[in-house]
Amino acid sequence: MKVLVTGGSGFIGSSFIRYLLTDPQISKNISLINLDKISYAGRGKNIEHMGLSENENYKFIKTDICDFESVSQIIFTEQPEMVFNFAAESHVDRSIEESDVFEKTNFLGACNLFKSSLKNGIKKLVQISTDEVYGNIENGSFSENSNLNPSSPYSATKAAADLFALSLFKTHNMPVIITRSANNYGPYQFPEKILPLFITNLIDGKKVPLMFSEENPGLNVRDWLNVIDNCRAIWFVANNGRLGEIYNIPGENELTNIEITRMLLNHFNFGDEMIEKIPHRKAHDFRYSVKGNKLKDLGFEHMHKNLKEEIINLVEWYKNNQEWWRPLKK
Ligand code: NAD
């Protein structure tokens, strides 16, 4: 089966490519094209570092999903059966500073990809979305039917793409499935995101910048999902889910930011003196939480749920792969 992955040079996209090219069952029957513009977040040479760039079933094409002609030409020439859209601007703080590129890639670029896929008769398109589209929830968890209430320009552009995709399903029968996952953790995440930023700072004996105030001393809650489980779930849903449906992918590992920070500090034998208190971002959502019943009902099970153990493995990975992340740190 030929599969087109956009944004395959980033954190989750490259993990997804590795999953498809190395899983004994899946890899037997897969040929994969990675379409990525290589933004700052794609500069880690993840696929090269994973040793997969020369894989005979892998091909890289440098393209911007905002370029409709180019995307259409690639889809027309390559004729993939499935398209997975991971391409995005993904850092919330950057979207607060300047949202232009988020609007372009996350919404207009996604629309381009949807229209090209529709035009070329793609059998299935999986739009990778986020739990952040539902916005803040203090208690309980959002289901796939919950209202969208995004708080940041990042999550608003993702929500807009989701709605557009669903409208193309209704109007033109575009064969789309949407996944909305919790916060991912794993190797190859750009070191501006909280876990790799904190881990790489601590490796260098530097403080970690935690959003903190007297009223809210790092109490924001995030649900942590192992990137491998996210990739497994995305592939599972692509093969077992129903077209036109949304599937939440929770991590089932909720922690406050101060808890996860202290877990790391503990591991490095540091205390709270290594926390640099920084102001909360504007419209900082207190808690994200999604229900995963629909995914479970399809028969999916998480494999990696021991966050405490996994975090230690993650720290070891960043310690052992400094040649990967050092060039990416400012
Ligand atoms: P990332 O920033 O690490 O990677 C994004 C990739 O997209 C990069 O390789 C970049 O070069 C590429 N890209 C950006 N703009 C492009 C464009 N215009 N054309 C082609 N390629 C482009 O992001 P990530 O963390 O791997 O996230 C992947 C997807 O998963 C995103 O859609 C994001 O919204 C979603 N998501 C991420 C998380 C998370 O915890 N990281 C959680 C939920 C959902």
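The chain comprises 13 helices and 12 strands, assigned as DSSP runs numbered from the N terminus (helices: H or I, at least four residues; strands: E, at least two). Its radius of gyration, taken over C-alpha atoms, is 19 Å and lies close to the 20 Å that the globule rule gives for 330 residues, so the chain is as compact as a globular protein of that length. The globule rule is 2.2 Å times the number of residues to the power 0.38. The structure is a predicted model, in which local features need pLDDT of at least 70 and side-chain atom pairs count only at pLDDT 80 or more, whereas totals for chains, interfaces and linings use all residues. Residues are numbered from 1 along each chain as its sequence is written, and side-chain values use heavy atoms, with hydrogens and water left out.

Along the principal axes, the C-alpha atoms fill a box of roughly 55 × 45 × 40 Å. The accessible surface of the chain amounts to about 14,400 Å², and 49% of this belongs to carbon and sulfur atoms; areas were computed by the Shrake-Rupley method with a 1.4 Å probe, and for residues only the protein chains shown count as cover. Of the 330 residues, 58% are buried (buried, under 20% relative accessible area; exposed, over 50%; partly exposed, in between; 1.4 Å probe, protein chains only). Among contacts (heavy atoms within 4.5 Å) between residues at least 6 apart in sequence, 84% join residues at least 24 apart.

The largest nonpolar core contains 65 residues, of which Phe16, Leu20, Phe84 and Trp235 touch the most other members. Such a core is a set of buried Ala, Val, Leu, Ile, Met, Phe, Trp, Tyr and Cys residues joined through side-chain atoms within 4.5 Å. Helix H9 (residues 227-240) gives the most to this core, contributing eight residues. Both domain 1 (2-184 + 225-249) and domain 2 (187-222 + 253-283 + 306-329) give residues to the core, so it lies between them; the domain bounds come from an automatic or database domain assignment. A second, separate core has 29 residues, including Ile61, Ile122, Ala159 and Ala161.

Beyond residues up to four places away in sequence, Leu20 touches Val3, Ile26, Ser27, Ile30, Leu32 and Trp235. Ser27 belongs to helix H2 (residues 24-27) and counts as buried at 19% relative accessibility. With neighbours within four places in sequence set aside, the contacts of Ser27 are Leu20, Leu21, Thr22 and Asn57. Its side chain reaches the backbone oxygen of Asp23 at 2.6 Å, a polar contact (a pair of N or O atoms within 3.5 Å; within protein, one must be able to donate a hydrogen and the other to accept it, and residues adjacent in sequence count only if both atoms are side-chain atoms).

Gln79 occupies the loop between helix H4 (68-78) and strand S4 (82-85) and is partly exposed, with a relative accessible area of 45%. A polar atom of the Gln79 side chain lies 2.9 Å from the backbone oxygen of Phe76. Excluding residues up to four places away in sequence, Gln79 touches Lys2, Ile74 and Asn120. Asn112, in helix H6 (residues 100-119), is buried, with a relative accessible area of 10%.
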